[in-house]
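Colleague: I have a model open beside its sequence, and I would like to learn how to read it feature by feature. Could you take me through it slowly?

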Amino acid sequence: MKLALCYTIVSVENKMLLDSAKKRGVEMERLVDGEALLAITDKGKKEYDAILQRSVSYSRSQALTYYFEKQGTLMMNSYDAARVCGDKMLTSIELAAAGVPTPKTYVALTPETARQAAGKLGFPLVMKPTTGSWARMVHKINDKDALDAALESREEMGSPSQKVYYLQEHIDKPGRDLRAFVVGNEVIAAIYRHSTEKSGWITNTGRGGTASKCEVTPELREISLKAVSFLDEGIYGVDLMESASGLVVHEVNHTTEFRNSSPVTGVDIGDKMIEYFIARAKR
Ligand SMILES: Nc1ncnc2c1ncn2[C@@H]1O[C@H](COP(=O)(O)OP(=O)(O)O)[C@@H](O)[C@H]1O
Ligand SMILES: [Mg+2]
């Protein structure tokens, strides 16, 4: 069986995954997304049986995942799943359709309709790019002036995709939110992510938020599994917030980071991912 780890750079996580596989007696090939050449018209046979896709570039990940899936390679996660997870608008559409509690969200395609959405949501609200991570360009907008400024900046300087206005109700979270790790049909661990002086109102650990262990309660398990129910079985990080009416899911990540989560949860998250990936490849 030929297995590979596809990545952009050798991050701490990717090193952990390669080491875990080795410990399990599996040598995974390294597939660096930036070095790949898609020989689309060459006639060849399947190059890999399964690829764990950890590329952090949405466009590279999509290209490679589609290409290899067409060859019959098991891609984890699948093209369809990554497409939905990589786009917050599609994720919100799926979450709402599946009946998963999620913050009130509108997508507007012009500044005028974005202002209408703000009228429905009230201030403060959160405006996000539909693609991206590490909370880049995720903005809390406190009033009409701030909204106007943000809209004008995007209209004048933004790329076409930045002119898709994703506006969401601001959840007044208790200085923390949750991340649940879903591997196959199991929620293997969860963390709280706390906001700090450095991270401000956001909680991403890559932005200075800190992690602590969160118990996987039946409620958390149920909502997290529901949040991946519309995706092909795989490996996901579900982002949740505690709202006044209970847990709400705002994002599902398809290449979730876990370096800060394993030590605080006591669960070797990378190893669980590898164990599951190898088992699926064999199936
Ligand atoms: N509607 C919201 N209300 C309050 N905080 C939010 C809201 N949406 C996002 N956040 C905060 O911003 C962070 C980044 O938002 P998220 O949607 O997860 O984007 P990213 O893909 O960049 O991680 C979240 O971890 C959370 O702390
Ligand atoms: Mg997030």
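Colleague: Into which domains is the protein chain divided?

Modeller: Domain bounds come from an automatic or database domain assignment, and here that assignment gives domain 1 (3–85), domain 2 (104–169) and domain 3 (176–282). This is a predicted model, in which local features need pLDDT of at least 70 and side-chain atom pairs count only at pLDDT 80 or more, while totals for chains, interfaces and linings use all residues. Residues are numbered from 1 along each chain as its sequence is written, and chains are lettered from A and ligands numbered from 1 in the order in which they are written.

Colleague: How many residues does each side give to the contact of domain 2 and domain 3?

Modeller: Two residues are in contact if their C-beta atoms, placed from the backbone, lie within 7 Å. The centres of domain 2 and domain 3, taken over C-alpha atoms, are separated by 26 Å, and the contact takes four residues from domain 2 and five residues from domain 3. For classes, Ala, Val, Leu, Ile, Met, Phe, Trp, Tyr, Cys and Pro count as nonpolar, Asp, Glu, Lys and Arg as charged, and the others, Gly among them, as polar; the side of domain 2 that touches domain 3 then has three nonpolar, no polar and one charged residues.

Colleague: What is the order of the strands in the open sheet of four?

Modeller: Strands (E, at least two residues) and helices (H or I, at least four) are DSSP runs, numbered from the N terminus, and two strands pair if DSSP finds at least two bridges between them. The order here is β2-β1-β3-β4, with parallel pairing. At the edges stand β2 (29–32) and β4 (74–76), each with a single partner strand, so one side of each is left without a neighbour in the sheet. Within the sheet, β1 (residues 3–7) and β3 (residues 50–53) pair over four bridges, and Cys 6 has Gln 53 in β3 as its bridge partner.

Colleague: Is Leu 52 buried or exposed?

Modeller: A residue is buried if 20 or more other C-beta atoms, placed from the backbone, lie within 10 Å of its own, exposed if 12 or fewer, and partly exposed in between. Leu 52, which lies in strand β3, is buried, with 29 other C-beta atoms within 10 Å. Not counting residues up to four places away in sequence, Leu 52 touches Leu 5, Cys 6, Leu 17, Met 76 and Phe 277.

Colleague: Which strands are joined to β9 by bridges?

Modeller: Eight bridges join β9 to β10 (residues 186–194), and the two run antiparallel, while six bridges join β9 to β12 (residues 235–243), again antiparallel. Gly 184, in the hairpin of β9 and β10 with two residues between the strands, takes a positive phi near 65 degrees. In β9 (residues 176–183), six of the eight residues are buried, so this strand is largely enclosed by the rest of the structure.
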